[in-house]
Amino acid sequence: MLALQTALNARGFDSGTPDGKMGPATQRGIRRYQRSLDLPTDGYPTLDLLQRLQ
């Protein structure tokens with residue numbers, strides 16, 4: 001989760017301060033990133049999502 005949050009922030013998708021915990025800011029950041037890729041915007045972290053960010 002920490003790597004996902006850090007990667008989202010680095011790409012400009014604010015997920016708050018990386019703390020390794022799934023919270024509302026992280027979900028918003030994930031949704032924004034998913035939307036940018038025309039993926040379903042469910043806000044759930046997946047391994048595929050992390051791999052796309054890296």
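This note sets out numbered points on the predicted structure above.

1. The model is predicted, so local features need pLDDT of at least 70 and side-chain atom pairs count only at pLDDT 80 or more, while totals for chains, interfaces and linings use all residues. Residues are numbered from 1 along each chain as its sequence is written, and side-chain values use heavy atoms, with hydrogens and water left out.

2. The chain has three helices and zero strands, in the order α-α-α from the N terminus. Helices (H or I, at least four residues) and strands (E, at least two) are DSSP runs, numbered from the N terminus.

3. The radius of gyration, taken over C-alpha atoms, is compared with a globule rule of 2.2 Å times the number of residues to the power 0.38. For 54 residues a compact globule would have a value near 10 Å, and the chain agrees because it has 9 Å.

4. The largest nonpolar core comprises eight residues: Leu4, Ala7, Leu8, Phe13, Ile30, Tyr33, Leu49 and Leu53. Such a core is a set of buried (under 20% relative accessible area, 1.4 Å probe, protein chains only) Ala, Val, Leu, Ile, Met, Phe, Trp, Tyr and Cys residues joined through side-chain atoms within 4.5 Å. Helix 1 gives the most to this core, with three residues.

5. Gln5 belongs to helix 1 (residues 2–10) and is buried, at a relative accessible area of 0%. A polar atom of the Gln5 side chain lies 3.0 Å from the backbone nitrogen of Asp19.

Key. Buried means under 20% relative accessible area, exposed over 50%, partly exposed in between (1.4 Å probe, protein chains only). A polar contact is a pair of N or O atoms within 3.5 Å; within protein, one must be able to donate a hydrogen and the other to accept it, and residues adjacent in sequence count only if both atoms are side-chain atoms.
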